[in-house]
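Take a look at the fold, then read on.

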Amino acid sequence: MRTVTLRAVIAPSGSLVRDNPRQAQAALERLFRDCEAEAACHAAFPDLERDFARAMARLERDPVPVRLRDPAGDDSVSFRIDQGVLAGSVRRMLMDAGLRRRLPLAIHEAATGRLETIRVGVEQTIAVAGSLAWGMGLSVVCAEDLPMLEGRTSPRSPPRASSSGQAPGVGLRETCGRWPAGTPSRPGTIDRSEMMPALLLSRRRRSSHAAGLGAEVAQALPYQRHAPGPRGHRPRALPDCALGIMASFVERGSMASVDTALFASLTPAPL
């Protein structure tokens with residue numbers, strides 16, 4: 001290999017289980033600020049943060065049973081939307097630029113007991129969960145993330161639950177107690193002189209993953225270019241300029257003359 005391109009970067013010292021609630025909370029607070037700053041959104045939803053608190057309180061008191069489309073087939077399934085489901089669905093919608101635009105309406109409706117729009121986020125969350133390799137994921141998380149949550153391998157204090165109701169590692173200790181997990185080996189010494197050029201692509205400020213996670217990795221690589229730019233897990237979520245930058249990097253084997261200024265010109269769609 002001549003080059004390495006990494007997307008949605010997180011450092012080995014990081015933990016999605018530990019850090020996601022805090023990142024999701026920050027993304028939600030940015031949504032509130034963006035809606036307040038945008039005239040049309042503020043006019044339609046003048047107090048979106050209060051709407052969210054009302055929706056969470058309503059579903060904590062009175063979860064709503066619904067029928068949802070089964071993402072694995074054509075049938076519908078019974079489901080109960082409670083406070084935790086709402087928080088998880090909001091987090092999922094924050095990660096998708098298209099769904100994020102629906103969130104102000106979804107939150108406002110949920111505050112008044114209507115769940116038509118938030119159902120889209122619930123179905124997306126179920127679909128994503130059904131596509132994950134949970135066995136592999138648990139083998140990694142139980143060996144690496146659980147010790148971090150318990151403070152055995154990380155100096156960072158375990159985070160508290162966010163106001164969206166998400167607490168880190170809920171149910172993880174019980175699950176990991178039933179799942180076989182090994183002990184991670186200590187990282188070996190890396191010869192930095194043998195490292196190849198690396199391009200790191202991180203999401204910008206509107207999603208639940210901070211570009212700072214990529215910056216931490218970039219500091220450890222001798223020949224790299226960290227480009228905070230577009231967001232999204234899927235290749236089709238990348239704009240043409242990002243695909244062009246990746247292609248140029250691979251073709252040239254270096255970021256020395258590849259222009260990433262177009263990332264700065266990318267503006268999110270209005271809410």
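Let's start with Glu 109, which sits in helix H6 (residues 103-111). Helices here are DSSP runs of H or I with at least four residues, strands are runs of E with at least two, and both are numbered from the N terminus. This is a predicted model, where local features need pLDDT of at least 70, side-chain atom pairs count only at pLDDT 80 or more, and totals for chains, interfaces and linings use all residues. Residues are numbered from 1 along each chain as its sequence is written, and side-chain values use heavy atoms, with hydrogens and water left out.

Glu 109 is buried but has no salt bridge. Buried means under 20% relative accessible area, exposed means over 50%, and partly exposed is in between (1.4 Å probe, protein chains only). A salt bridge needs a side-chain nitrogen of Lys or Arg within 4 Å of a carboxyl oxygen of Asp or Glu. For Glu 109, the nearest side chain of opposite charge is Arg 114, 4.1 Å away; Lys and Arg count as positive, Asp and Glu as negative, while His and the chain ends are not counted. Setting aside neighbours within four places in sequence, Glu 109 is in contact (heavy atoms within 4.5 Å) with Arg 114, Glu 116 and Thr 117.

## The salt bridges

Side chains of opposite charge can pair when their charged atoms come close. How many salt bridges does the structure hold? There are three.

One of them joins the side chains of Asp 34 and Arg 100, at 2.9 Å from N to O. Asp 34 belongs to helix H1 (residues 16-37) and Arg 100 to helix H5 (residues 97-100), so this pair ties together parts 66 residues apart in sequence. Both Asp 34 and Arg 100 are buried. Another salt bridge links Asp 51 and Arg 54 (3.5 Å, N to O). Asp 51 and Arg 54 are both in helix H3 (residues 48-61), three residues apart, or about one turn of the helix. Asp 51 is buried at 6% relative accessible area, whereas Arg 54 is partly exposed at 33%. Arg 80 and Asp 82 also pair up, at 3.7 Å from N to O.

## A buried loop residue

Now for Ser 15, found in the loop between strand E1 (4-7) and H1. Is Ser 15 buried or exposed? Ser 15 is buried, with a relative accessible area of 1%.

Leaving out neighbours within four places in sequence, Ser 15 is in contact with Ile 10, Asn 20, Asp 145 and Met 148. The C-alpha atoms of Ser 15 and Glu 144 are 8.2 Å apart, though 129 residues separate them along the chain.
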